[in-house]
Amino acid sequence: MNYCTKCGAPLTPGKKFCTKCGAPVENKINPQPVPRPAIHVDKRIVIGGVVAACAVVGIVVGINVASHSYNLSDYCTVDYTGYENYGTAEPDLSYDKLYKKLRKHVGNGQKAGIAETFVMSIDPEVDSSKQGTLSNGDSVKIAINYDANAAKELGLHISGTDNTVTVSGLKKANVTDPFKSLKVSFTGALPYLIPQVDSDGDFYVKNDDDDSDTVLSKEGDEFTVAFNGENDTDSGVVYARTQKKYKVGKASTYISDPSKLTSEDKSQIQGFSKKFLKDNGCTYDNLKFVGCYAQLEKSDSYSYGDTPELLYAIYSYDEEDDDSYEVQTEYLVVQVSGAMKQPDGSLWFDTNSAVYNDGYSDPSQIYSDVYSEYYDIKADSSLEQ
């Protein structure tokens, strides 16, 4: 029997075309069927195979990337110390935990040293202007710095370097004002008024210029008192402030111009001077008050502590000449220090500092005797030179 050369089906004798596939019948004799099976490939199977292969590759790559990915925030913890409104955020990194994990991937070869360098370079810091004054609920940014070059050499994928945390767990503090019962006193007088505090060394008057005393020259001048105590975080005692500004109010003022002395002031000076002279054996006939000189140290020579002011009360008296027996007018001076007008308007001076000199023929001799280039001297109008 003959068979179709195209599809291999048996041919019917006498037929010019194959009854199965319609192909023309060749005259060649094909005693055996030619198998031509049709092959049909399902596209879904092909696509599925490709997807599966890609998935396998993706899993392999993913496992590799994951094993070299490090979220540094996973190794960073933040503790909060202090108290409400006085809190501090303190970040800490678990270096040992991170290093142990990293060593599993780098082994003991050359990269082990790079791994150690990388881990030790990690530095978590608080990026907040409120550090030290934090309260519960505040947001704080934690910035984690690291050696990028070392991470690159190790093939690491780093994340979690900028994190925001919320403050919690701070207790309420016992806030106290150390200046509440502080007493500030003064020595001297304007323009050389020196503020002082008596507090066993916990407070001091702050001077921005040098280590010398702070000297105030006029009413309204400001000065700062600082407190050097530290917050007691164990007991929860927190100081509300560590320094406070004070302003000079009504204060005593040195007598620099005797023309500003009132009649009551001059009567007080005369009463003291006459008693002082009598107590010291000086009795003169017709002792008369003439006027005063006031001597105030110049600011560029002020010696910080010494009395910068001297007041001279000038008196005239009658003295008989030993040769001619004629009565002459002579002068003496009683000197006191620290003469000042107090805030209530009264006059004060150091009575224990009083001294006297006599035998001057003219008040100008007294002026020459007490003159100093380091002091400004002013006189009553009756004694002006």
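Against which strands do the buried residues of H5 pack? In this predicted model, local features need pLDDT of at least 70 and side-chain atom pairs count only at pLDDT 80 or more, whereas totals for chains, interfaces and linings use all residues. Residues are numbered from 1 along each chain as its sequence is written, and side-chain values use heavy atoms, with hydrogens and water left out.

The buried residues of H5 pack against E16, E17, strand E18 (327-341) and strand E19 (347-360), where contact means heavy atoms within 4.5 Å. Helices (H or I, at least four residues) and strands (E, at least two) are DSSP runs, numbered from the N terminus. Helix H5 covers residues 263-279, and its end C-alpha atoms lie 24 Å apart, which agrees with the 24 Å that its 17 residues should span at 1.5 Å a residue; the expected span is 1.5 Å times one less than the number of residues. Asp265, Ile269, Phe272, Ser273, Phe276 and Leu277 of H5 are buried. Buried means under 20% relative accessible area, exposed over 50%, and partly exposed in between (1.4 Å probe, protein chains only). Seen down the axis of H5, the buried residues fall within an arc of 130°, so they line one face of the helix; the arc is that of the directions from the helix axis to the C-beta atoms. Ser263, Glu264, Lys275, Lys278 and Asp279, on the other side of H5, are exposed. Just after H5, Gly281 has a positive phi of about 80°.

Strands E11, E12 and E14 form an open sheet in the order E11-E12-E14, with antiparallel pairing. Two strands pair if DSSP finds at least two bridges between them. Strand E11 (203-206) and strand E14 (243-247) are at the edges with a single partner strand each, so one side of each has no neighbour in the sheet. Strand E12 (residues 222-227) pairs with E14 over five bridges in the antiparallel sense, and Phe223 stands opposite Tyr246 in E14.

The whole structure contains 14 aromatic pairs. Rings of Phe, Tyr and Trp (its six-membered ring) pair if their centres lie within 6.5 Å; planes under 30 degrees apart count as stacked, over 60 as edge-to-face and the rest as tilted. Tyr192 and Tyr302 form a stacked pair, 4.1 Å centre to centre with 15° between the planes. Tyr192 lies in strand E10 (residues 192-197) and Tyr302 in the loop between strand E16 (285-297) and strand E17 (309-320), 110 residues apart. Tyr192 counts as buried at 6% relative accessibility, as does Tyr302 at 9%. One aromatic cluster is formed by Phe179, Phe203, Phe227 and Tyr239.
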